[in-house]
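Me: I have a structure open that is new to me. Can you walk me through it?
Reply: Go ahead and ask.

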Amino acid sequence: MKYSKKKSRENISEFVPLEKKKIKNEALCGYIFVLLPILAYIVFNIFPLLISFIIQFFSMEGYNLSTLEWNNFQNFKDVFNDSDFYLSLGVSFFMSISQFISLGIALFMSVLLSKKIAGHKIFQVIYFIPYICSSVAVSLMWMWMFDPDYGIINSIIEFFAGAEARIAWFKDENWYPWMIIIATVWQAPGYGIVLYKAALDQVNPSLYEASSIDGASAWRKFWNITLPSIAPTTFFLLMAGIMSGLQTFDMAKLFAQTGNTWLGESGPGNSGLTTVLYIYNWGTNYQNMPRASVMSWMLFYIIFIISALNF
């Protein structure tokens, strides 16, 4: 018996170093796997971010960092005196309307789906499909639909109001931004519907039962119970929507059919020139990365201030 105990202790002593070595190897593998995405984030995110901040204060030929030359804040002076930059900010804020409309649609549809109507899960999937579709494909689809001559939108308008009511979507600066807004509103609500649906499922049903006993109407239940209960989700979607609206790019770029896009124009009277598209034009078409960096950081400051005020 004593021998077996001694043998058992010897066996344990033999295996303990191996166990420690195994743990060390697993930890080393874990650190390596964690290190890879961190290095990628530093190289492809942090490093370009630092470069963009530094080159704001210099002149540079093309993308050659070796040509950096101090220019006495000339980039900032040029941006502050650039009327097109302020125009692009106004367009971006106007485009943000689509996010508020999408938020309202998402809330309305999620409330209907929460009623557990027949096939509500299928409808939830259907509503989410546009959100996961490629923005390029969505933009091309709506461009065909808004075609002045053969688009279905003008065909519907002509059917109800006559041929004289047809709209020159791509040539009218008053209607041009609404094309992008309509396409965004069609695509965006799916994400909000899913989040709102999950939030509504977490609302305490006893609150509704108590309010029913007190004789509360459906509207009072929605206003005093549902909305406060899903307030965190609403805040998150509102913040994400504002940031997304101010950074509208892909649809604005693809809808830019009129004007000389190489010179930075987008739509009639630059009515579709968003800030990110304007930054893109300066960084690629004009190859003026310092000035594009100044505008990028200014957009960041604007979004940061709006986010801080919302908090």
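Me: How much of the protein chain counts as buried?
Reply: Of its 311 residues, 34% are buried, where buried means under 20% relative accessible area, exposed over 50% and partly exposed in between, with a 1.4 Å probe and protein chains only. This is a predicted model, in which local features need pLDDT of at least 70 and side-chain atom pairs count only at pLDDT 80 or more, while totals for chains, interfaces and linings use all residues. Residues are numbered from 1 along each chain as its sequence is written, and side-chain values use heavy atoms, with hydrogens and water left out.

Me: And what secondary structure does the protein chain have?
Reply: There are 15 helices and two strands. Both are DSSP runs numbered from the N terminus, with at least four residues (H or I) for a helix and at least two (E) for a strand.

Me: Where is Leu-103, and is Leu-103 buried or exposed?
Reply: Leu-103 sits in helix H4, residues 97-113. With a relative accessible area of 16%, Leu-103 is buried.

Me: What does Leu-103 touch, leaving out residues up to four places away in sequence?
Reply: Leu-103 touches Tyr-196, Leu-237 and Leu-238; contact means heavy atoms within 4.5 Å.

Me: How do H4 and H9 cross?
Reply: The axes of H4 and helix H9 (residues 189-201) come within 8 Å and cross at roughly 45°. That angle makes H4 oblique to H9, because angles under 35 degrees count as roughly parallel, over 145 as roughly antiparallel, 65 to 115 as roughly perpendicular and the rest as oblique.

Me: Which residues in H4 and H9 meet?
Reply: On the H4 side they include Leu-103, Ala-106 and Ser-110, and on the H9 side they include Gly-192, Tyr-196 and Lys-197. The residues of this contact divide into 11 nonpolar, three polar and one charged. Ala, Val, Leu, Ile, Met, Phe, Trp, Tyr, Cys and Pro count as nonpolar, Asp, Glu, Lys and Arg as charged, and the others, Gly among them, as polar.

Me: Different topic. What is the phi of Asn-270?
Reply: Asn-270 has a positive phi of about 55° although it is not a glycine. Most residues other than glycine have a negative phi.

Me: Where is Asn-270 found?
Reply: Asn-270 is in the loop between helix H13 (250-255) and helix H14 (275-285). Its relative accessible area is 14%, so Asn-270 is buried.

Me: What about Gln-287?
Reply: Gln-287, also not a glycine, has a positive phi near 50°. Gln-287 lies in the loop between H14 and helix H15 (289-310), and its relative accessibility of 41% makes Gln-287 partly exposed.

How values were computed:
Axes are lines fitted to C-alpha atoms, for helices over the stretch in contact, and angles run from 0 to 180 degrees between N-to-C directions.
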